[in-house]
Amino acid sequence: MTLVCVPLVARTVEEMVADAAAAAAAGSDLVEIRLDFIQGFRPREHLPQLLRGCPLPVLVTYRPTWEGGQYEGDETTRFDTLRLAMELGVDYVDIELKVADKFMSFISGNKPEKCKLIVSSHNYEYTPSCEELANLVARIQAVGADIVKVATAAKDIVDVSRMFQVMVHCQVPMIGLVMSERGLMSRVLAPKFGGYLTFGILNSAKTSAPGQPTVEELLDVYNIRCIGPDTKVLGLIANPVKQSKSPILHNKCLQYVGYNAVYLPLLGDNLASFLETYSSPDFSGFSCSLPFKVDAVQCCNEHDPVAKSIGAINTIVRRPDGKLVGYNTDYIGAISAIEDGIGGPGSKDAVISPLAGRLIVVVGAGGAGKAIAYGAKEKGARVVVANRTYEKAVSLANAIGGQALRLADLETFRPEDGMILANATSLGMQPNIDGTPIPKLKEFFPSTYVKKNC
């Protein structure tokens, strides 16, 4: 079972002991005591205090600045501190590959049988090739590591696949992590690919490396204790994606029905590259959001008729034969919400839609805009499409038999019977949560203006 480890990065011994108790209460398996974070650290005095006050197994790390840590002193003092930690009975000690040989000589190759030596390498710039990673693992094994640790940085989410490939073939226990938000998948899926442990922080203010989830997210959102080699991988691929609540919703549903899968937020840059890289049947389905809904049409082998008519996809299913099938459920969700909003709960089930004959203005001609325009037209609404790029508004309006409008003209657009306005742009979403494609809307409706993105 992959262990969940909480890194402790407090500035005082007292705070660190309190955080260790919090980690135990949160369900962590062990803690990493980052000695380099403690101000005025005195090894002979503080190490025994830390270990006496810790209710969990302990990994001791004393990371120097040249490997991304905060320790600036000499190596002899650092090595002596790590040796003391071993003598005091810690369960794990981390030493960097660059000095592992020197450390082994310093302790004369002797360490307590209980203590496991983690030899680590950190690359904060990029993730090397599979061959380079495999060679790095071999070098770490050669210096006498009980556990191999390799941490790299993700420039693209596809970089994580190289770490997965090396982890599944490693013959010794391995910690393989890819840092940054694009590398989150490496942390959550560590149990699937045989990772020895993964890190979960107490909260966002107590991080020791980029991209770490909280221990609560690992245990309660992603249900990491139930992830194994056969777990299916689902997720929302988007950019941005961290603001999405989809993982909370979908993982609870997966747990409720007992389906062995985990749903992840996937920060992507190129949808085609992502789908090509993660082509295993275990990566069996994805939700698609901005800016990939239109790109997804070209990435799928087959399309649901509605998705094909709309020209945008928000759901991709990988069949057992490897073929990707695209669907669009956006129009159902958005139009149902609008129907209930203007006609009351249950209106979406009426024989005649409350949208019939009404004027709906769709702002945006991307994937979401196409879905709303299509759905509204199917319900008998009159549709106007407004977009910053007028040509795209014309194209969508022509496709569904509607009218096109320049976005700048929308501020003076005053139909006598009123209109329903649907914001299908990225304005109003993270990070521009106060944005609106029509700044004067709040002046028109100062007391009732509601921002709602589809």
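Q: What makes strand 9 and strand 10 a pair?
A: Seven bridges join strand 9 to strand 10 (residues 261–267). Two strands pair if DSSP finds at least two bridges between them, so these two qualify. They run parallel. In strand 10, Val262 is the bridge partner of Val233. The model is predicted: local features need pLDDT of at least 70, side-chain atom pairs count only at pLDDT 80 or more, and totals for chains, interfaces and linings use all residues. Residues are numbered from 1 along each chain as its sequence is written, and side-chain values use heavy atoms, leaving out hydrogens and water.

Q: What makes strand 9 mostly covered?
A: Six of the seven residues in strand 9 (residues 232–238) are buried, that is, under 20% relative accessible area with a 1.4 Å probe and protein chains only (exposed is over 50%, partly exposed in between).

Q: Which residues of helix 5 are buried, and how do you know that they share a side?
A: They are Leu133, Leu136, Val137 and Ile140. They cover an arc of only 100 degrees around the axis, so they lie on the same side of helix 5. The face turned away from that side carries exposed Glu131, Arg139 and Ala142.

Q: How do you know that helix 5 reaches close to its expected span?
A: Helix 5 (residues 130–142) has 13 residues and reaches 18 Å from first C-alpha to last. The expected span is 1.5 Å times one less than the number of residues. That expectation is 18 Å, close to the span found.

Q: Why is the pair of Tyr92 and Tyr196 called edge-to-face?
A: Their ring centres lie 6.1 Å apart, with 70 degrees between the planes. Rings of Phe, Tyr and Trp (its six-membered ring) pair with centres within 6.5 Å; planes under 30 degrees apart are stacked, over 60 edge-to-face, the rest tilted. So Tyr92 and Tyr196 count as edge-to-face. Tyr92 and Tyr196 are 104 residues apart in the chain. Both are buried.

Q: Why is the pair of Phe274 and Tyr278 called tilted?
A: The planes of Phe274 and Tyr278 are 45 degrees apart, so the pair is neither stacked nor edge-to-face. The centres are 5.1 Å apart.

Q: Why do Phe274 and Tyr278 count as buried?
A: Phe274 is at 0% relative accessibility, so it is buried. Tyr278, at 3%, is therefore buried as well.

Definitions and conventions. Helices (H or I, at least four residues) and strands (E, at least two) are DSSP runs, numbered from the N terminus. The arc is that of the directions from the helix axis to the C-beta atoms.
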